[in-house]
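Below is a short briefing on a predicted model. Look at the structure first, then read the points grouped by topic.

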Amino acid sequence: MSLELFLLPAAALFCIGLFGALTQQSIVMLMMGLELMLGGVILAAAAVWHYIAPATSEGQVLVVVAVTAMALEMAIGFAVVTALFRSREIDMTDMAAELKE
Amino acid sequence: MDVAVFWVLAVLGIVSGAMVFRFDSMARATFSLLASLLCVGGLVVLLGLDYLGIVIVLMMTIEMAIMAVFMVMYMMNPAGLMPMTMMHNKKGAAVVCGLVFALLAAGIVLAPWPGRRGRAPADPTMDLGMSLMGPQMLTMMTLGMALFATIVATVVLATRRGRYDRLGDDLRATRADDPVRGGVGR
């Protein structure tokens with residue numbers, strides 16, 4: 001196994017997540033896409049730690065930062081969905097585009 | 001053995017990641033995402049980061065359980081009884097994602113990656129802990145503050161009644177206007 005072999009699935013996960021984030025109309029599904037993208041980032045960071053610089057701990061710290069970003073994204077995302085639903089009764093990105101007009 | 005585990009986890013992770021956006025049922029989509037992220041956790045364990053891999057597995061399990069509840073709350077078709085698509089600009093997004101993947105894959109294959117420098121410590125978890133409590137303390141503090149700010153922000157965003165509802169627009173009301181009276185002296 002090699003670094004490239006681990007980075008390719010990471011890139012695939014990132015791109016699938018990007019597809020979801022770009023296409024999904026439901027805000028909750030859009031967040032699932034973002035989670036997949038961050039999953040790819042976590043895998044890539046762990047692979048880089050293992051195959052390039054295992055003696056230092058910066059790669060591990062990067063994984064911790066990505067995992068934290070995932071948790072924050074979920075919490076804030078659900079809070080925004082709740083706030084949007086309270087004020088407008090909407091759960092779709094297309095209906096929340098009033099600032100654009 | 002490791003190679004077989006790698007291929008199983010990698011293929012399963014990518015397939016279940018792709019199925020997230022193919023399932024009609026929201027519960028199935030959530031558990032498909034859970035399967036994909038569990039595979040990521042497994043791959044991280046395979047890379048020698050046992051602690052972080054287990055943290056990812058535990059965190060994702062709980063996160064997806066919460067996500068399933070929100071899915072049922074906010075989606076119009078939680079059980080997937082009627083087939084429906086909720087997508088926009090599918091073609092454009094597919095082109096963008098294909099291009100991004102081609103670019104990333106080309107970079108991954110063509111980049112002159114540096115060789116492995118040094119050896120992994122006997123206990124990477126200890127190494128991570130010493131690092132977070134030592135030279136990476138600033139990172140740890142920033143993460144802590146970000147988590148605290150998130151707690152405050154989520155409560156502020158999700159609460160129905162704020163302080164202006166309770167104490168008036170100028171916050172000068174003598175008594176808080178609560179639907180249920182209570183508390184000390186109220």
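**Two helices of chain B**

In this predicted model, helices α1(B) and α2(B) cross with a left-handed sense.

*Packing of α1(B) and α2(B)*

- Helix α1 of chain B covers residues 2-19 and helix α2 of chain B covers residues 26-46; their axes lie 8 Å apart, at an angle of about 155 degrees.
- Angles over 145 degrees count as roughly antiparallel, so α1(B) is roughly antiparallel to α2(B).
- On the α1(B) side, the contact includes Val5(B), Phe6(B), Leu9(B) and Gly13(B).
- On the α2(B) side, residues in the contact include Ala35(B), Cys39(B), Val40(B) and Leu43(B).
- Sorted by class, the residues in this helix contact are 11 nonpolar, six polar and one charged.

*Contact between chains A and B*

- Chain B gives 67 residues to the contact, and chain A gives 57 residues.
- On the side of chain B that touches chain A, at least two residues come from each of α1, α2, α3 (50-74), α4 (90-110), α5 (124-132) and α6 (137-158) of chain B.
- Helix α4(B) supplies the largest share of that side, 11 residues.
- The residues of chain B on that side comprise 47 nonpolar, 12 polar and eight charged.

*Confidence in chain A*

- Chain A has a mean pLDDT of 89, with 97% of its residues at 70 or more.
- Within chain A, confidence is highest in helix α1 (residues 3-23), at 94, and lowest in helix α3 (residues 58-88), at a mean of 90.

Notes
Residues are numbered from 1 along each chain as its sequence is written. Chains are lettered from A and ligands numbered from 1 in the order in which they are written. This is a predicted model: local features need pLDDT of at least 70, side-chain atom pairs count only at pLDDT 80 or more; totals for chains, interfaces and linings use all residues. Axes are lines fitted to C-alpha atoms, for helices over the stretch in contact, and angles run from 0 to 180 degrees between N-to-C directions. Helices (H or I, at least four residues) and strands (E, at least two) are DSSP runs, numbered from the N terminus. Angles under 35 degrees count as roughly parallel, over 145 as roughly antiparallel, 65 to 115 as roughly perpendicular and the rest as oblique. A crossing is left-handed if the near helix is turned anticlockwise from the far one by less than a right angle, and right-handed if clockwise. Two residues are in contact if their C-beta atoms, placed from the backbone, lie within 7 Å. Ala, Val, Leu, Ile, Met, Phe, Trp, Tyr, Cys and Pro count as nonpolar, Asp, Glu, Lys and Arg as charged, and the others, Gly among them, as polar. pLDDT is the predictor's confidence in each residue, from 0 to 100.
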